[in-house]
Amino acid sequence: MIKKVFLLPLLLFLFSPLAVQAQTHTFEIKGGEFMYDNTPLRILSGEMHYPRIPHQYWRHRMQMLKAMGLNAVATYVFWNAHEPEPGKWDFTGDKNLAEYIKIAGEEGLMVILRPGPYVCAEWEFGGYPWWLQNVEGLELRRDNEQFLKYTQLYINRLYKEIGGLQITKGGPIIMVQAENEFGSYVSQRKDIPLEEHRVYNAKIVQQLKDAGFNIPMFTSDGSWLFEGGATPGALPTANGESNIENLKKVVDQYNGGQGPYMVAEFYPGWLAHWAEPHPQVSATNIARQTEKYLQNGVSINYYMVHGGTNFGFTSGANYDKKHDIQPDLTSYDYDAPISEAGWVTPKFDSIRNVIKKYVKYPVPTAPAAMPLIEISSIKLTKAADMLETISAQEPVQSDKPMTFEQLNQGYGYILYKRHFNQPISGKLEIEGLRDYALVYVNGEKVGELNRYFNAYSMEIDIPFNSNLEIFVENMGRINYGSGIIHNTKGIISPVKINGNIIEGEWEMFRVPMDKTPEPQKMKEENVYDLSAAGKIKGRPAVYSGVFNLEETGDTFLDMEDWGKGIVFINGINIGRYWHVGPQQTLYIPGVWLKKGENEIVIFEQQNDKVHSEVRTVKVPILTKLRVNQ
């Protein structure tokens with residue numbers, strides 16, 4: 001009896017979740033192989049980013065990865081999502097990285113952590129907090145004392161959050177990446193000596209170690225950029241390398257003549273910008289390349305396996321020789337194997353069929369997609385004049401226009417206003433426009449300036465005793481290339497008319513849009529019923545309405561008939577829209593809707609026509625371009 005009494009608690013413990021969690025595994029790089037519990041392992045990973053997916057859907061998406069045949073998930077860590085203000089940290093809700101990692105482990109996935117501090121990712125400022133630009137003496141992404149002070153604080157705080165989830169402590173994190181595509185940056189910043197670049201890269205590795213990361217580290221670069229990107233103590237992996245022979249040759253060169261060999265970013269799709277065609281990548285080609293990797297023992301990470309959405313103001317931007325900025329879409333669908341809304345695609349099936357031929361573990365079927373609904377009409381009832389509402393706020397006054405950063409504002413909009421006692425006309429020039437502006441004289445729209453189209457000037461006629469108003473939007477900070485160090489927003493250089501610098505008595509009105517604008521709290525004279533909303537045509541407006549639902553589900557807001565702006569659903573900023581395309585719909589996760597009454601608020605910047613309703617559809621529109629290149 002005594003033996004049985006003691007045996008029962010022991011059996012209960014052994015089969016409890018606690019006992020399962022206590023079972024530790026090992027992961028190391030040894031003898032040219034990834035070794036898991038002393039057995040060679042081929043990593044089949046998919047990149048998927050936690051803040052681009054509602055946290056309620058994380059488990060579903062993990063199950064989708066398993067159903068494609070993968071055994072790992074990789075994610076960047078977005079510093080600016082977690083430290084929106086200096087020293088104020090947020091790891092809650094969709095930013096709860098620890099929970100994301102735990103769910104991955106529960107679903108049988110290993111985790112590859114990519115904490116940067118720079119991440120690129122078509123994400124605002126490449127993951128850097130905007131306020132770093134206000135730190136005196138700080139230079140981004142180099143061996144700079146101030147910058148490295150803040151990176152260490154970030155890495156230490158990150159470790160506090162998820163360090164206990166490393167495989168060495170019983171968790172699912174098997175590897176951590178140091179920096180990100182640094183070889184590219186080295187090639188772009190030839191003004192910095194190569195030795196200084198290498199010192200900086202090594203210091204990031206050391207900061208990770210000092211914080212407590214004690215799992216294998218790696219770097220990721222184009223194979224031709226290892227000279228600048230590889231660093232001692234980290235496995236070099238290649239991004240986008242399809243030539244197996246070249247992959248092995250370059251890894252051998254920088255890793256003591258041996259593997260393991262990994263393509264840390266294998267692209268099954270590609271990024272998309274506003275006003276440009278949405279790239280499409282062949283499912284057949286991706287399946288064939290997958291088979292080549294598997295036949296040759298190469299580990300891979302699909303970037304992206306599931307892209308998700310750049311909700312709010314999180315989308316970044318690129319630039320090229322033709323465009324000073326190329327803002328990224330709100331949708332981060334990426335033409336990935338798993339769609340923006342978490343659906344199986346033909347590409348998913350093609351890859352799955354190949355992987356199943358090469359893995360010994362069972363590949364489960366994909367979970368059912370989330371419920372889908374369509375709302376045929378959402379009636380809008382009010383429209384508020386935002387030009388008048390904004391102008392009623394207390395302005396900041398200065399002799400010169402001030403940037404977002406000088407005004408201590410990260411995102412959104414700023415209204416710049418100047419009064420002219422005497423008439424003036426001619427060419428208005430704003431070479432320092434960052435990024436998009438609507439121009440008004442006495443409240444009447446007279447033009448539009450746009451950094452994407454390199455349109456920085458226009459003719460203007462300002463009468464006696466009149467106001468010039470310039471409403472500027474930050475369309476997302478550059479996330480890739482040497483231009484990342486020039487990322488202030490607003491008006492960053494003098495405004496000129498006929499070559500004359502316009503100084504004195506500038507007023508700046510901050511419009512961060514960090515909360516839902518509420519017409520019911522605005523001055524009554526600035527809010528109109530839809531029947532009278534024609535009075536504010538051509539002026540920025542906030543439209544609002546309520547709609548009732550008997551059932552909730554994922555859906556797509558059709559904004560094809562609108563101009564440019566952002567949308568809030570039940571207080572959540574679901575992202576930017578712009579009529580130029582190619583994206584014409586905005587994804588609304590069903591978990592952000594509720595049975596009963598729901599609220600929609602649309603901030604329409606252009607407002608060239610009055611709107612009375614909006615609808616949702618079941619199929620997204622992501623490839624409908626409405627602008628000539």
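**Contacts, helix packing and salt bridges in the predicted model**

Beyond its neighbours within four places in sequence, Ile-29 makes contact with Phe-34, Pro-216, Leu-235 and Pro-260. Ile-29 belongs to strand S1, which spans residues 27–30. With a relative accessibility of 30%, Ile-29 is classed as partly exposed. Between Ile-29 and Leu-165 the separation is 136 residues in sequence and 19 Å in space, taken from C-alpha to C-alpha.

The model described here is predicted. Over the chain, the mean pLDDT is 95, and 96% of the residues reach 70 or more. Residues 1–22 form a stretch in which pLDDT stays under 50. For residues 1–22, the model has four contacts beyond four places in sequence.

Helix H3 comprises residues 58–68, and eight of its 11 residues are buried, so that the helix is largely enclosed by the rest of the structure. The buried positions of H3 are Trp-58, His-60, Arg-61, Met-62, Met-64, Leu-65, Ala-67 and Met-68. The elements that cover these buried residues include strands S4 (44–47), S5 (72–76), S11 (299–302) and S33, together with helices H5 and H12. Gly-69 follows H3 and has a positive phi, near 105°.

H5 spans residues 97–106, and the axes of H5 and H6 lie 9 Å apart at an angle of about 45°. The two helices are therefore oblique to each other, and the crossing of H5 past H6 is right-handed. At this packing site, Leu-97, Ala-98 and Ile-101 of H5 meet Leu-158, Glu-161 and Ile-162 of H6.

Glu-161 of H6 takes part in the packing with H5 and also forms a salt bridge with Arg-157, at an N to O distance of 2.9 Å. Both residues lie in H6 (residues 145–162), where they are four residues apart, about one turn of the helix. Glu-161 is partly exposed because its relative accessibility is 24%. Arg-157 is likewise partly exposed, with a relative accessible area of 21%.

In total, 31 salt bridges are counted in the model. Side chains of opposite charge can pair when their charged atoms come close. Another such pair is formed by Asp-90 and Lys-95, whose side chains meet at 3.4 Å, N to O. Lys-95 has a relative accessibility of 26% and therefore counts as partly exposed.

A further salt bridge joins Glu-265 and Arg-114, with the closest N and O atoms 2.8 Å apart. This pair links distant parts of the chain, as Glu-265 lies in strand S10 (residues 262–266) and Arg-114 in strand S6 (residues 110–114), 151 residues apart. Both Glu-265 and Arg-114 are buried. Through salt bridges that share partners, Glu-47, Arg-114 and Glu-265 are joined into one network.

Several backbone features occur in loops. The peptide bond from Gly-116 to Pro-117 is cis, with omega near 15°, and Pro-117 is located in the loop between S6 and H6. The loop between S6 and H6 also holds Arg-141, a non-glycine residue with a positive phi of about 55°. Arg-141 has a relative accessible area of 3% and is therefore buried.

A positive phi is also found at Tyr-334, where the value is about 65° although the residue is not a glycine. Tyr-334 is placed in the loop between strand S13 (326–327) and helix H12 (346–356). Tyr-334 is buried because its relative accessible area is 3%, under the 20% cut-off for buried residues. A cis peptide bond also joins Gly-581 and Pro-582, with omega about 10°. Pro-582 lies in the loop that runs between strand S32 (572–578) and strand S33 (585–588).

Notes. Residues are numbered from 1 along each chain as its sequence is written. This is a predicted model: local features need pLDDT of at least 70, side-chain atom pairs count only at pLDDT 80 or more; totals for chains, interfaces and linings use all residues. Side-chain values use heavy atoms; hydrogens and water are left out. A salt bridge is a side-chain nitrogen of Lys or Arg within 4 Å of a carboxyl oxygen of Asp or Glu. Buried means under 20% relative accessible area, exposed over 50%, partly exposed in between (1.4 Å probe, protein chains only). pLDDT is the predictor's confidence in each residue, from 0 to 100. Contact means heavy atoms within 4.5 Å. Axes are lines fitted to C-alpha atoms, for helices over the stretch in contact, and angles run from 0 to 180 degrees between N-to-C directions. Angles under 35 degrees count as roughly parallel, over 145 as roughly antiparallel, 65 to 115 as roughly perpendicular and the rest as oblique. A crossing is left-handed if the near helix is turned anticlockwise from the far one by less than a right angle, and right-handed if clockwise.
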